[in-house]
Amino acid sequence: MNKNTIALAAAVAMALSAGTAAAQARDQIRIVGSSTVFPFSTAVAEQFGKTSGFKTPVVESTGSGGGMKLFCAGVGVEHPDITNASRRIKASEFETCSKNGIGITEVKVGYDGIVLANSKAAERYSLTKEQIFQALAAKVPVDGELVDNPYQMWSDIDPSLPNTKIEVLGPPPTSGTRDAFVELVMREGAKSFDSLAALRKEDKKAFRAISDAMREDGLFIEAGENDNLIVQKLEANPAALGIFGFSFLDQNSDKVQGSIIGGVEPTFENIADGEYGVSRSLYFYVKQEHVGVIPGISEFIAEFTNEGAWGPDGYLADKGLIPLPDADRAEMASQANGLAKLSM
Amino acid sequence: MTEVAAPITEIRRPDLSGKRVARRYAAERRFRAYGLTAIFIAVAMLGLLLVSIVSKGYSAFVQTYVELEINFDAAKIDPDGTRDPAKLAAFNYQGLVNDALYAQFPDVTERRERRSLRGLIGNSAGIELRDMVLADPGLIGTTREVAFKSSDDFDTFVKGHISRDLAEADRRVKDQEIAWIDALEADGQVDVRFNTTFFTTGDSREPEQAGIWGAAVGSFLTLTITLLLSFPIGVLAAVYLEEFAPKNRLTDLIEVNINNLAAVPSIVFGLLGLAVFLNFLGMPRSAPLVGGMVLALMTLPTIIIAARAALKAVPPSIREAALGVGASRLQTVTHHVLPLAMPGILTGTIIGMAQALGETAPLLMIGMVAFIVDIPGGFTDPATVLPVQIYLWADAPERAFVAKTSAAIMVLLTFLIFMNAVAVLLRKRFERRW
């Protein structure tokens, strides 16, 4: 019994002393945020750790919203230095940050395409955003009336589409990919109906309620955050389509093919020059108050914005990041390295 | 009263007719068949799981290497001849690897082609050469064969996971690259070796450099804290509740609560850890210390319940005998009851620890689900654990991580089997029956 008491006391003492000691100093950059930017951020972190002599930054995948929450919580070593986001910072998040005395530098790093893909064993689809909206929305306009989505087959929407059951696997609402898909495809698709476009002008909320709601009768399936899982399911079920990021299409090009959307095929080049309509910008945000306090932050920004990393031939392009156009890249690099303060 | 009442019930005799006996035998045979089917289904599922994991993962234990003739050109690496380590470290060694590749395939001159040729070798090659030169500056000015890890696509191809029969557009390894690989193989420069990197390094974004050791050390550190906290606290709580506590409403309430806690979803303990340990006590994020404390909270009920069951199983006669020869209650417990209950307590503890080893959900909230390259050196260094590593690799886009994921699962399963085997062994060795 005595031994146990001593062990317990030792453990508690160690826990407390170690805890307070570690909160005093930190020599390692901490990054949080989007799971979409995670593969790129980690690649830079690793390269930075190997070449710069600083410790390798710790990168957490918390989602864009979760990352912003942690990032904007305050200044001090217990708060992260950088957050990744697969969307721009929201005005409300910016306010929280400013209120907590945080100055932000925004860095746009590139683009990510979102693809609608199916197995190579089946025909490649060619769809419009309007057709995708009709296939996936909970309510669709039919002859001017809003009704519960009646379409069961792709050919019900347009006779030129294949006569197969609509079956689409996609990410859950917590995912940034889902947000972007809704914004770039569903809302755009809804707008192409006159009645909904009119509604949008009158009452934006009511429009969003229709455009953002995915059908819940089992034809749109929430398949979880893991894009590899969706690829495996598509392989097993050639009739299904899946929604995921371009890098997974790129890595699995022997198994799945990206559908043509609005007449444009999702390829590296088409996304890079903005032809392909379903792509979003990726960002990271730096806490200016931590630059110079936590060692290596400016060097990390320099590594990320270096041509060897985010350029068209850089290692991030190999990982599936679609680079910014040359001029934007040069401008962004000078802004980032000059720690330009974001204002909204 | 002469009327004899009719017998109220007939005397039931066992029906020994052949029909009924046959029916009973048939029922028994059916029951056995159900049981066997159940076992067969369970074994088949387990077998399926293992076969799928092993068939996907075995190839991660080997790695394709490419041997290249590297010329450590003194004029390039160290033009002044000072052998200054800072200058030696700054040199771009990847260039030497590229030169060796260009020399091997002199007809590749076009920029794009050269780029895909460079892609055959993993991008850690330059750093490996730098470390070689820094360790032994005598290499400068010599030429020797060095084996480099091939890139993940090349490795996957050599292992046969990418078929040559597909159309060129459908595979990540193009015809030209296959031609280079064939040429290198024909020269005997391609070699498949045991993948030591996998067992010695931390995480990496490059599949050929990714290893499980960082996560294994993280798991070890985390479980050490868990054991140090949950074992003494759990045993003390169990001993007090079982041997000393008065039986009243309060202790009943405590008992009910402990049993409930054992069934609380583990993510709840993570939220508690975030609120108390990180936000209130200001402890570091991603640290094995905090992870261990959270997992200790989760394991405590398991240990308390197991320890109480083990204490209960010690017959009262032992206690009475000890008290009878004049031992105090504390002596009774420490000298007799606790040692006799220890095998049961240890079994419960090991099973609780095995459960903690496989846990990810509570660690998500306290920042241990993270990309961490450096091997943790202490309880407050950022670390991750084995199941989290599996989760992160399962999510990575690169194809080669599929094999790494399954290999990491095999490593985790090995640890779990080992821990459970120790539990069984302890039980067999020390268990007493009365």
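A: Happy to. The domain bounds come from an automatic or database domain assignment, and the model itself is a predicted one. For chain B, that assignment gives domain 1 as residues 60-195 and domain 2 as residues 213-430. Over C-alpha atoms, the centres of these two domains of chain B are separated by 46 Å. Contact between them involves five residues of domain 1 of chain B and seven residues of domain 2 of chain B. On the domain 1 side of that contact in chain B, two residues are nonpolar, one is polar and two are charged.

Now the chain as a whole. Chain B holds 18 helices and four strands. Its radius of gyration is 32 Å, well over the 22 Å that the globule rule gives for 434 residues, so chain B is more spread out than a compact globule. Along the principal axes, the C-alpha atoms of chain B fill a box of roughly 130 × 65 × 40 Å. Of the 434 residues in chain B, 39% are buried. If you count the contacts in chain B between residues at least 6 apart in sequence, 78% of them join residues at least 24 apart.

Next comes the side of chain B that touches chain A. Here 40 residues of chain B are in contact with 36 residues of chain A. Helix H10 (213-244), helix H13 and strand S4 (370-371) of chain B are the elements that give two or more residues to this side. H10(B) provides the largest share of it, six residues. Sorted by class, this side of chain B has 24 nonpolar, seven polar and nine charged residues.

Strand S4 of chain B also pairs across to the other chain. Strand S2 (residues 58-60) of chain A runs antiparallel to S4(B), and two bridges join them. Within that pairing, B:Phe371 in S4(B) has A:Val59 standing opposite.

What about the nonpolar interior? In soluble globular proteins, nonpolar side chains tend to be buried together. In this model, the largest nonpolar core has 159 residues, and those with the most contacts inside it are A:Val109, A:Tyr285, B:Val290, B:Met293, B:Ala307 and B:Ala408. Helix H13 (residues 288-312) of chain B gives the most to this core, 15 residues. Another core lies apart from it, with 26 residues that include B:Val66, B:Tyr93, B:Leu101 and B:Leu184.

A:Tyr285, one of the residues with the most contacts in the largest core, is in contact with A:Phe71, A:Ile82, A:Thr83, A:Ala85, A:Ile89, A:Ile104, A:Thr105 and A:Glu106, if neighbours within four places in sequence are left aside.

Chain A is divided into domain 1 (27-111 + 281-337) and domain 2 (113-279). The C-alpha centres of these two domains of chain A lie 30 Å apart. Contact between them in chain A involves 13 residues of domain 1 and 15 residues of domain 2. The domain 1 side in chain A has four nonpolar, seven polar and two charged residues.

Helix H12 (residues 268-272) of chain A contains A:Ile271. With 22 other C-beta atoms within 10 Å, A:Ile271 is buried, because 20 or more is what counts as buried. Not counting residues up to four places away in sequence, A:Ile271 touches A:Tyr111, A:Gly113, A:Phe246, A:Pro266, A:Tyr276, A:Ser279 and A:Ile322. A:Tyr315 is 44 residues along the chain from A:Ile271, and their C-alpha atoms are separated by 18 Å.

Finally, consider strand S10 (residues 241-245) of chain A, which is mostly covered: five of its five residues are buried. Strand S4 (residues 104-119) of chain A pairs with S10(A) in the antiparallel sense, over five bridges. There, A:Leu241 in S10(A) has A:Asn118 standing opposite. Strand S8 (residues 168-170) of chain A runs parallel to S10(A), joined by two bridges. A:Leu169 has A:Gly242 as its bridge partner in S10(A).

How values were computed:
Residues are numbered from 1 along each chain as its sequence is written. Chains are lettered from A and ligands numbered from 1 in the order in which they are written. This is a predicted model: local features need pLDDT of at least 70, side-chain atom pairs count only at pLDDT 80 or more; totals for chains, interfaces and linings use all residues. A nonpolar core is a set of buried Ala, Val, Leu, Ile, Met, Phe, Trp, Tyr and Cys residues joined through C-beta atoms within 7 Å. A residue is buried if 20 or more other C-beta atoms lie within 10 Å of its own, exposed if 12 or fewer, and partly exposed in between; C-beta atoms are placed from the backbone. Two residues are in contact if their C-beta atoms, placed from the backbone, lie within 7 Å. Ala, Val, Leu, Ile, Met, Phe, Trp, Tyr, Cys and Pro count as nonpolar, Asp, Glu, Lys and Arg as charged, and the others, Gly among them, as polar. Two strands pair if DSSP finds at least two bridges between them. The radius of gyration is taken over C-alpha atoms; the globule rule is 2.2 Å times the number of residues to the power 0.38.
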